[in-house]
Amino acid sequence: MQRLPIAVIGAGLIGRTHIDRALKQPDLELVGVADPSPEGRALAESVNVRWFADFDAMLSATKPAAVVIASPNATHARIAVHCLG
């Protein structure tokens, strides 16, 4: 079975929830976490997932099929449009 590669943008409270749930799904492969904070990096490293300070770099490097946007609400539209481009 091929696993769907996904990525998470934002590793705060909501992002951590999505990361945890993604890691428990056998049909998903979490390929990257983008969050510029030291906490975001530590979280990604603790679950052995590639970390990126910049979501654009993550998208280019990992080419996920889907993205969870868990950044602050005011950034969702800009990030979503960028992901679609």
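Accessible areas come from the Shrake-Rupley method with a 1.4 Å probe. By that method the protein chain exposes about 5300 Å², and carbon and sulfur atoms supply 56% of this area. The model is predicted: local features need pLDDT of at least 70, side-chain atom pairs count only at pLDDT 80 or more, and totals for chains, interfaces and linings use all residues. Residues are numbered from 1 along each chain as its sequence is written, and side-chain values use heavy atoms, without hydrogens and water.

**Overall fold**
- The protein chain has 4 helices and 4 strands (DSSP runs, H or I of at least four residues and E of at least two, numbered from the N terminus).
- Their order along the sequence is β-α-β-α-β-α-β-α.
- The C-alpha atoms fill a box of roughly 35 × 30 × 20 Å along the principal axes.
- Of the 85 residues, 34% count as buried (under 20% relative accessible area; exposed is over 50%, partly exposed in between; 1.4 Å probe, protein chains only).
- Among contacts (heavy atoms within 4.5 Å) with a separation of 6 or more, 55% join residues 24 or more positions apart.

**Helix H2**
- Helix H2 spans residues 38–46, and its buried residues are Gly 40, Leu 43 and Ala 44.
- These residues lie on the same side of H2, because they cover an arc of only 95° around the axis (taken from the directions from the helix axis to the C-beta atoms).
- Their cover includes helix H1 (13–23), strand E2 (28–34) and strand E3 (51–52).
- The face turned away from the buried side carries the exposed Pro 38, Glu 39, Glu 45 and Ser 46.
- Just after H2, Asn 48 takes a positive phi of about 60°.
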